[in-house]
Amino acid sequence: MSILGQTPATEIEAPISTFEGAATRHAQSYWNESWERLRDNRIGVAAGALILVLAAIALAAPLFTLFLTHYEPYGIDLLGTFQAPGHPHLLGTDELGRDTLTRLIYGGRVTLGVAFLTVGIALTVGTTVGLVAGYYGRWLDDILMRIVDMVLSIPAIFLFILMSILFRPNPITLAMIIASVGWGGVARLVRGEVLSVKQRDFIMATRSIGARDVRLIVRHLLPNVLPVLIVAASLGVGQIILIEAALDFLGLGIQPPTASWGNMLTNSESYFFHSIWLVIFPGLTIFVTVLASNVFGNAVRDAFDPRLK
Amino acid sequence: MPPTLLEVQDLHTVFATKAGKVKAVDGVSFEISPGETLGIVGESGSGKSVTALSVMRLQRPGKIVSGKVIFNGRDLTKVSEGEMREIRGQDIAMIFQDPMTSLNPVFRTGWQVAEPVRLHHGLDKAKAMGVAVSMLGKVGIPSPATRARDYPHQFSGGMRQRAMIAMGLTTTPKVLIADEPTTALDVTIQAQILDLLRHVNRDFGTATILITHNLGVVAGMCERVMVMYAGRVVESGPTVDVFAHPKHPYTWSLLRSIPRLDAERHEPLKPIEGLPPDLIDLPTGCAFHPRCQFKIERCMHDVPVLNRVGETQLAACWVTQSGTELKGA
């Protein structure tokens with residue numbers, strides 16, 4: 001108060017009374033609204049919950065195998081190979097007598113871990129590049145976007161083959177390999193969004209109060225492109241699980257004996273007619289997870305994407 | 001005369017476009033003293049907004065090619081970007097035309113109103129919010145403590161403009177630049193906002209630069225007025241004198257093109273013939289001469305200089321400078 005002097009302008013008449021009632025109602029932010037819209041979408045919520053459950057199971061894998069399946073993912077039992085689903089192996093065993101359920105749970109760690117890590121890396125790099133290119137524009141924008149164009153025009157599968165020869169794929173390198181292509185799309189998306197948000201007056205208004213570029217970008221631009229990012233992230237998980245599974249299947253991804261959903265399929269293709277459950281269970285897991293993440297992604301887009309409103 | 005607070009000398013701001021250079025501000029000079037109100041009028045594209053933005057050095061992608069902006073003895077066109085940031089929002093605040101888009105939709109209004117004090121006075125969140133709430137109250141927002149927690153979209157246009165004004169005032173700036181603050185508002189709200197700006201000017205002693213294309217707003221609010229055309233100042237002086245005896249044909253035509261209460265009955269409004277000039281390819285001589293009904297031979301060749309005409313006014317016009325009175329049907 002004191003810095004503002006003692007002469008208040010409160011004598012100015014304002015249309016007060018009509019707003020009193022309004023002032024007491026609950027403040028609805030963009031986020032609250034979107035969140036409520038998302039909650040109203042039952043199928044979307046179910047899909048999201050399923051992914052959360054799968055992620056929780058994957059995270060708590062040792063607990064599950066300890067109390068539920070009682071097998072080790074790499075525990076070979078040469079006397080019990082190709083056992084059909086049932087007792088004692090709920091989902092059967094593979095050619096080395098390893099428990100399929102246990103390996104699926106552990107494989108989920110790798111597959112989901114790679115998927116989330118990839119999305120994380122691609123989003124971080126893509127967002128940074130997109131924000132910088134969109135905000136500063138001019139030559140910086142030209143350079144960065146031409147790099148993105150190049151990245152997006154590399155035939156991904158050859159890059160993956162080359163990279164997995166150069167770096168022995170483990171979950172972390174695999175995530176980086178996939179993200180090295182994935183960030184380009186995110187950068188484009190974010191840049192486009194920044195270009196439109198940048199035109200709005202509040203950016204100029206924020207500059208006019210003496211804010212630095214960094215503050216402008218991080219505090220004012222980023223929250224405004226966040227909806228697009230959330231949508232990209234939730235749709236991205238499914239795609240990346242598929243890419244990862246394909247790479248594993250081709251032997252370019254996670255290497256055996258480490259279990260991943262993709263390489264469990266690779267091993268089992270030889271036994272397709274002999275022990276079909278070895279194909280069905282990993283395949284079904286991938287199918288359901290990708291489907292759930294796509295359904296969830298669409299629900300998130302319906303709820304969050306400002307352009308759909 | 002109180003000492004000058006802000007002085008702009010021969011400012012030139014240029015935009016490079018594919019079609020050529022646009023001289024958006026072409027040799028503008030003015031000054032403003034503490035507590036004064038200055039109106040800048042002109043039609044769209046006359047350079048009034050760019051002049052204001054150039055003072056704040058926010059004219060990007062335009063470039064200030066020459067001239068000085070002297071504030072507190074320092075030339076703002078020469079200081080570093082860091083010093084400029086200190087001045088923006090602290091010494092010189094700005095209010096924009098469209099309150100609908102001037103607030104960031106993702107933050108609570110109070111948070112945004114508090115942003116300048118947090119940036120400049122280093123107040124913590126709670127203290128800054130206190131300042132913001134009290135300021136929101138002063139600009140006439142009812143139950144400011146509750147409203148500060150609302151998001152901009154829960155505010156009406158007039159309330160948002162009040163919030164913008166509150167935001168500008170939290171740091172008690174010495175100069176407030178209002179760039180068409182009422183253009184996007186309806187007439188009753190316009191009156192309230194102008195009233196508020198008048199109070200701000202009187203109570204806080206903030207020198208106010210009001211940019212508008214609405215002559216009525218200037219008449220009601222500003223002590224002095226500056227008329228711009230095609231990036232140049234064509235006339236300036238005390239508002240009363242300029243309105244009573246315009247010394248530039250553009251001002252003269254402008255005043256005859258708007259309805260006024262004291263006009264003769266049945267007198268038709270007279271629009272200004274022709275179109276505003278192409279800023280890339282300005283007419284030679286006086287930029288207004290193709291639309292001017294008083295033009296003389298000289299107007300087509302020589303660019304008129306801003307000179308004293310009459311007792312209190314300055315006008316850039318060869319006709320009135322030679323003593324001719326502006327009269328006509």
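How many residues lie between β9(B) and β10(B) in the hairpin that they form? Two residues separate the strands, and A230(B) in the turn has a positive phi of about 50 degrees. The structure is a predicted model, in which local features need pLDDT of at least 70, side-chain atom pairs count only at pLDDT 80 or more, and totals for chains, interfaces and linings use all residues. Residues are numbered from 1 along each chain as its sequence is written, while chains are lettered from A and ligands numbered from 1 in the order in which they are written.

Chain B contains 12 helices and 12 strands, where helices (H or I, at least four residues) and strands (E, at least two) are DSSP runs numbered from the N terminus. The radius of gyration of chain B, taken over C-alpha atoms, is 21 Å, close to the 20 Å given by the globule rule for 329 residues, so the chain is as compact as a globular protein of that length. The globule rule is 2.2 Å times the number of residues to the power 0.38. Along the principal axes, the C-alpha atoms of chain B fill a box of roughly 65 × 50 × 45 Å. Of the 329 residues in chain B, 52% are buried; a residue is buried if 20 or more other C-beta atoms, placed from the backbone, lie within 10 Å of its own, exposed if 12 or fewer, and partly exposed in between. Among contacts (C-beta atoms, placed from the backbone, within 7 Å) between residues of chain B at least 6 apart in sequence, 63% join residues at least 24 apart.

Chain B is divided into domain 1 (6–222) and domain 2 (229–321), with bounds from an automatic or database domain assignment. Taken over C-alpha atoms, the centres of the two domains are separated by 28 Å. In all, 21 residues of domain 1 are in contact with 14 residues of domain 2. On the domain 1 side, the elements giving two or more residues are β2 (20–32) and α9 (215–221) of chain B. The largest share, 10 residues, comes from β2(B). This side divides into 10 nonpolar, eight polar and three charged residues. Here Ala, Val, Leu, Ile, Met, Phe, Trp, Tyr, Cys and Pro count as nonpolar, Asp, Glu, Lys and Arg as charged, and the others, Gly among them, as polar.

Strand β9 (residues 224–229) of chain B is largely enclosed by the rest of the structure, because six of its six residues are buried. R224(B), M226(B) and M228(B) point one way from β9(B), and V225(B), V227(B) and Y229(B) the other way. Strand pairing requires at least two DSSP bridges. Strand β3 (residues 37–41) of chain B runs parallel to β9(B) and is joined to it by four bridges, with I40(B) partnered by M226(B). The pairing of β9(B) with β10 (residues 232–238) of chain B is antiparallel, over six bridges, and Y229(B) stands opposite R232(B).

Most residues other than glycine have a negative phi, and most peptide bonds are trans. A230(B) is buried, with 23 C-beta neighbours inside 10 Å. N72(B), in the loop between β4 and β5 (74–75) of chain B, also has a positive phi of about 50 degrees although it is not a glycine. N72(B) is exposed, with 10 other C-beta atoms within 10 Å. A cis peptide bond, with omega about 0 degrees, joins R60(B) and P61(B). P61(B) is found in the loop between α1 (48–55) and β4 (63–71) of chain B.

Key: Two residues are in contact if their C-beta atoms, placed from the backbone, lie within 7 Å.
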